[in-house]
Amino acid sequence: MSITSVSTSPVASETDDQPFLRVKDLRVHFKTDDGIVKSVDGLTFDLKRGEILGIVGESGSGKSVTSQAIMGLHKNSNARITGEIWLDGKELVGASEEEVRQMRGSEMGMIFQDPLSALHPFYTVGAQISEAFMVHNKVSKKEARAQTVEMLKKVGIPNAADRYGDYPHQFSGGMRQRAMIAMALICQPKLLIADEPTTALDVTVQAQILELIKSLHEELNSAVILITHDLGVVAETCDKVLVMYGGQCVEKGLVDDLFYAPEMPYTWGLLRSMPRMDRDRQSRLLPIPGQPPSLINIPKGCVFNTRCPFSDRVEGGQCFTKHPELLDTAPNHEVRCHIPSEERREILRTEILPTL
Amino acid sequence: MVRFIIVRVLGAIVVVWIVSVVTFLIFQLGPTLTHTSPVYYYVGKIPPTAEGLKLLTDRFGFNLPLYAQYWHFLSGILFGQSITDGVSAPIPCPSPCFGYSFRQNELVGNMLLQAAPVSISLAAGAAILWLIGGVTVGTISALRPGSVIDRIGMTGSLAAVSLPIFFTGPILLLIFEYQLGWLPDVAYAPISQDPLQWLKSMILPWIALAFLFAALYARLTRSNMLETMGEDYIRTARAKGLSQRTVVLKHGLRAALTPIVTIFGIDVGTLIGTTVITETVFNLRGLGFLSIQSIQNEDLPVIMGVTIVAAVALVIANLIVDILYAVIDPRVTV
């Protein structure tokens, strides 16, 4: 379904019926010569201010496409977007490019995976951050500069006033990501989307960057979407987790539920392929066999059916004929799987947990 | 930065020096290898007598060792000399002295001085036109790849690249000079003397030359721009909430144009001295015309002079590009 006009609710305050961010049945399809790529196919989730949502999944599962759809970065492209995205009472899918542009940076900020390529090589770091401030605030260059230096200090860049005039290539990787965070947050947006913010960074810097995102999130009481394929990052940082596979949400819940009571075979696979300190070092990591499905020819039935080791336990081969619904298995915990809930818990207890 | 400029200037001087050595060797040594004396190319068209030949060989020093001859040539350029045939009064030839054209009875320096402004006007004016035209068309095409505008722009530029100047030139002349009579045939006048006439005489050659290059630049800009617009930092710029205009012009074009600067400098530098066809079609007496004329006349000193001037123009253009590049791309270490 598509909404053609922007509706603004009179009261933009947050309630359970009207959370800060609501994504409803979001579909992002790209028309290509080979067919329609269904990058995101029916994604629904809510996010409140003060919460951090982790979106996990392997490459090509639709994580980044989702975040860019929220930012409206697919406007003027060949993407066909349907569904609803409500941010603070405004609907974004049907909004015009100009309306969404005004909200980018001011209402929602985004940081990207590789800060070196995400910063313009020919402009100074300071100028790029000031620019972000001046788009949404009518201030002089001098004021924007002062604001930028303040922000650079806040994200932990030493000698911020001196580093203002440095070019991105003169910064270290961690510094660059700090500068990106400063740029995304300089207008104090209430939604921050971090698209694999630590993937391109040195492991020693990753924790610092996550810590910084967390502390700024607390300070601004913002909502954060953290896209990652690092489950360690999720466990460390997030309140809620959404597991994506083949453009769909396959499991969604609070972070503890996902780590201690996961119910979707794909989530099990993810957890089993994650190295852990407390595991016997002789035991091997168990990768998920096979390849993610082509998003042009999404398999009939469950998206995970080609790789799922448990599909033979479902009567009548439903996994290959019927698309499973995302259903509640416990409060705030939804799973998309044909295996009955009790049986899943049994499999988890007897077969999965011992191998984790 | 100062150190960078000094290093580059010194490098350019070395290149020019090497060019002078090579030019000297080719043009002095060439006739010697084919067992004809260079003297033949230094006198009028009537071959000298054996006695005259010996006299002139002594006078011009063609029997001296090569390094001495080269020094004579170089010191003429650097410090000037005076040229004499031994009969009439010596002709002073101030630095840079490229010698004397006995075929034309004129100092080579004077001939170059007359021709160079024509070529520079032609190259510079055309360059401005093609840069503006090409980049505009290329950018518009890149923003809507596959659209009607893109197709018109790219088909048009393919046609323009394929059409030689000796085709477009006469067509332009036919339309604007003979049919419409907007630009009646005017002789070249230096810009310092008569700017209006200078403009009138230059405008058609500019268009003809720019047409060809604009097409190349449109394609180049389009492909650079397409690549740049897919970069992560463009996505960042959009994520900041910048308007499409700012994203394209400030973030996109800025990066897309940087490699074009290099090619632009070299193209303009190369053009000075090589616009033979354009000059011939539009009857301009520039360096290209001079080089063709002197080759036909076997006028060795003039050929050497044109070669060196053209080489120096290219080296200077390259030098400017190098320095400019350090300014526009902060990643270039200075």
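**Helix packing and chain contact in a predicted model**

**View 1. Helices α7(A) and α8(A) are roughly parallel to each other.** The category follows from the angle, because angles under 35 degrees count as roughly parallel, over 145 as roughly antiparallel, 65 to 115 as roughly perpendicular and the rest as oblique. In this predicted model, local features need pLDDT of at least 70 and side-chain atom pairs count only at pLDDT 80 or more, whereas totals for chains, interfaces and linings use all residues. Residues are numbered from 1 along each chain as its sequence is written, and chains are lettered from A and ligands numbered from 1 in the order in which they are written. The axes of α7 (residues 173–185) and α8 (residues 203–220) of chain A come within 10 Å and cross at roughly 15 degrees (axes are lines fitted to C-alpha atoms, for helices over the stretch in contact, with angles from 0 to 180 degrees between N-to-C directions). Helices (H or I, at least four residues) and strands (E, at least two) are DSSP runs, numbered from the N terminus. The crossing of α7(A) and α8(A) is right-handed, a crossing being right-handed if the near helix is turned clockwise from the far one by less than a right angle, and left-handed if anticlockwise.

**View 2. Residues of α7(A) meet residues of α8(A).** From α7(A) come G173(A), G174(A), Q177(A), R178(A), I181(A) and L185(A), and from α8(A) V205(A), Q208(A), I209(A), L212(A), I213(A) and L216(A) (contact: C-beta atoms, placed from the backbone, within 7 Å). Seven of the contact residues are nonpolar, four polar and one charged (Ala, Val, Leu, Ile, Met, Phe, Trp, Tyr, Cys and Pro count as nonpolar, Asp, Glu, Lys and Arg as charged, and the others, Gly among them, as polar).

**View 3. Helices α9(B) and α10(B) form a right-handed crossing.** The axes of α9 (residues 232–239) and α10 (residues 244–271) of chain B come within 10 Å and cross at roughly 145 degrees. Y233(B), I234(B), A237(B) and R238(B) of α9(B) make the contact with V247(B), H251(B) and G252(B) of α10(B). By class, four of these residues are nonpolar, two polar and one charged.

**View 4. Chain A touches chain B.** The contact takes 23 residues from chain A and 18 residues from chain B. On the side of chain A, two or more residues each come from α2 (97–103), α3 (115–118) and α4 (125–136). Helix α4(A) gives the most, with four residues. This side of chain A divides into 12 nonpolar, seven polar and four charged residues.

Definitions and conventions. Contact = placed C-beta atoms within 7 Å.
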